[in-house]
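This report describes the fold of one protein chain and then turns to a single residue within it. Please consult the sequence and the model below while reading.

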Amino acid sequence: MQGYAAPSSFSWTLASLAANSARESIMIDNSSVKYDDYMVSLWVGSAAATIADENAMYIYFYASGDGTNFTGQATGTDAAITLGTNPYFGPFVIPLTVGTNVQDVVIPSVAQMFGGIIPPRWGMILDNQCNGAFSGTEPNKFVRGVFVTT
């Protein structure tokens, strides 16, 4: 059986994120709680008129074993980031359709993005490829620790 920790909000400034830009979340520290997995929920809004066919949002994942050295250009802080060809994990793809401007996103297993094992510290990078800026309203974002019960 598995159990779920209470939802916990975290810092990741996505309001008004411009098209063709990316932003990393603050690092999620799993070094002391040691959850087996995490579930992520967020709401993302964009300008519906700007979405074209085959546009999407991509969520990549970064990791750190020590809280100082991170995958690629990630820093562990809520900040803008340039993706380039850095070695991130993922992506979790959020496909978009013309006329749709709000996405309720649930990533049911973060561990899956890391090959089945959650690193001690990890975070996410959202790459906005939806052809328009995100809504000016900051979305709700939550992580929930997932653990095995007996």
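From the N terminus on, the elements of the protein chain run β-β-β-β-β-β-β-β-β-β-β. The chain thus holds 0 helices and 11 strands, where helices (H or I, at least four residues) and strands (E, at least two) are DSSP runs numbered from the N terminus. The model is predicted: local features need pLDDT of at least 70, side-chain atom pairs count only at pLDDT 80 or more, and totals for chains, interfaces and linings use all residues. Residues are numbered from 1 along each chain as its sequence is written, and side-chain values use heavy atoms, with hydrogens and water left out.

**Overall fold**

The C-alpha atoms fill a box of roughly 50 × 30 × 25 Å along the principal axes. Of the 150 residues, 44% count as buried, that is, under 20% relative accessible area with a 1.4 Å probe, protein chains only. Among contacts (heavy atoms within 4.5 Å) between residues at least 6 apart in sequence, 84% join residues at least 24 apart.

**Residue N128**

N128 is found in strand 10 (residues 121-129). With a relative accessible area of 0%, N128 is buried.

Not counting residues up to four places away in sequence, N128 touches L17, A18, A19, N20, S21, A56, A133 and F134.

Key. Buried means under 20% relative accessible area, exposed over 50%, partly exposed in between (1.4 Å probe, protein chains only).
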